[in-house]
Amino acid sequence: MRKMDYTKLLMIPGPTMVPNTVLTSMANPIIGHRTADYGELLEDTTEKMKKVFMTKNDTYLITGSGTSVMDMAISNTVDKGDKVLTIVNGNFGDRFYKIAKIYAGDGDNLIKLENEWGDSAEPEKVKEILEAHPDIKVVTVVHNETSTGVKNPIEEIGNVVKDYDALYIVDTVSSLGGDYVAVDKFNIDICVTGSQKCIAAPPGMAALCVSEKAWKVINETETKSFYLDVKTYKKKYDDKKETPFTPSVTLTYAMNEALDIVLNEGLENRYKRHEKLAKATIAGFEAMGLELFAKERARSVTVTSVKYPEGIVDKEFRGIMTNKYGISLAGGQAHLGGKIFRMGHMGEAKEYHILGTLAAIEMAFNELGIDATGGVDAAKKVLNSEI
Ligand SMILES: Cc1ncc(COP(=O)(O)O)c(C=O)c1O
């Protein structure tokens, strides 16, 4: 195999750059997962996870990617024919819809509240649907729609859903640890997240937390998955601080260290840093004369999506970025392929990453015949200011 270039700057919206102490924690020896040592590590990591989720609810670490816990949230609460409302304004909202279709079936019981991609979901519309269908069992939403760079108002939607019987399931895969999420305050029943975005651990571990209200539903729902049956995770954890199946011991070390870094920085400080980097990035693109994909009221603080100017070919632009400047950016997903590019500024992203990336983007666009300048200066102004 050809030698890899490990020096690339990851400015994609996950996986993100992993700090050295997290990487070296994975060189610790493998220990047995049915030992007191692993039990202690698992409990400590789970307690840290709860702090980041801001919840008192039962929380579990799952060896799997973010999609595994999306699947788990639905398969454990939804049976065939159950009424499910999925809020969709991007690829990951649509993923919840696709998962719900598998477990609930594809009849009138599956309700999709589709919003324009690039705009945020509207809590009033959620209320209207819940009023019309009080028997909805589950409502799903994605907090930070990574595919479009849009942030949904999960606190406001939680305020609506709490007055109905429905469970409120929220994907915070690309926001938790970077943007404000308070599971208990927001009335979230099942919150799911992944390791590889704002938490800045390697990919492959996920987490979810489960409210009392959700447990009641789970206990009355047919078991449809062996690996992702949340009841077995609860039993093993309550009995012995263990997981039902062999966990990634290595990733548990990594999560423990990564969560320490998150908590040592402090959640408030981390949210502020993400917000400032997002503002600087947005100011930079706007000064360059580029058009953002997400509407102003809906913009994410962890990923920014930018419309390509006429004549720019995605592959060429991102090819220059990666081959000449050593910076990875992401393209558009689904129908947005070739139309937008996405820059992540989450996890351990720092000011110099933003400035360097904006400078390289200006140079790449200039090389492709687009006059894009002034981005770095505009970003510098934001970074120098108090927000
Ligand atoms: C918002 C969101 N949800 C879910 C996922 C799926 O996570 P994974 O690719 O780890 O399965 C992603 C990944 O990009 C995401 O950004």
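Visitor: Where does the ligand sit, and how much of its accessible area does the protein cover?
Guide: In this predicted model, a polar side-chain atom of Lys197 lies 2.5 Å from an oxygen atom of the ligand. The ligand has 390 Å² of accessible area on its own, and the protein covers 86% of that area. As for the location, the ligand sits in the largest pocket.

Visitor: Which helix supplies the largest share of the shell around the ligand?
Guide: Two helices, helix 3 (66-75) and helix 4 (91-104), each supply at least two residues of the shell. The largest share amounts to 3 residues, and these come from helix 3.

Visitor: How do the residues of the shell divide into nonpolar, polar and charged?
Guide: There are 14 residues around the ligand, of which Ser65, Thr67, Thr146, Asp171 and Lys197 come nearest. The residues of the shell divide into 4 nonpolar, 7 polar and 3 charged.

Visitor: At what distance from an oxygen atom of the ligand does a polar side-chain atom of Gln196 lie?
Guide: For Gly66, a backbone N or O atom lies 2.8 Å from a ligand oxygen atom. For Gln196, the atom concerned is a polar side-chain atom, and its distance from an oxygen atom of the ligand is 2.8 Å.

Visitor: What does the UniProt annotation call residues 30-334, and how far apart are the end C-alpha atoms of that span?
Guide: According to the UniProt record, an unreviewed entry, the annotation covering residues 30-334 is "domain: Aminotransferase class V". The span is 42% helix and 16% strand, and its end C-alpha atoms lie apart by 39 Å.

Technical notes. Residues are numbered from 1 along each chain as its sequence is written. This is a predicted model: local features need pLDDT of at least 70, side-chain atom pairs count only at pLDDT 80 or more; totals for chains, interfaces and linings use all residues. Side-chain values use heavy atoms; hydrogens and water are left out. A residue is near a molecule or strand if one of its heavy atoms lies within 4 Å of it. A polar contact is a pair of N or O atoms within 3.5 Å; within protein, one must be able to donate a hydrogen and the other to accept it, and residues adjacent in sequence count only if both atoms are side-chain atoms. Accessible areas come from the Shrake-Rupley method with a 1.4 Å probe; for residues, only the protein chains shown count as cover. On a 1 Å grid over the protein atoms alone, a cavity is a set of points where a 1.4 Å probe fits but cannot get out, and a pocket is an open set with protein on both sides within 12 Å along at least five of seven lines; lining residues have an atom within 4 Å of a point. A molecule sits in a cavity or pocket if more than half of its atoms lie within 2 Å of its grid points. Helices (H or I, at least four residues) and strands (E, at least two) are DSSP runs, numbered from the N terminus. Ala, Val, Leu, Ile, Met, Phe, Trp, Tyr, Cys and Pro count as nonpolar, Asp, Glu, Lys and Arg as charged, and the others, Gly among them, as polar. UniProt positions are given in the numbering used here, feature names are shortened, and annotations may be inferred rather than shown by experiment.
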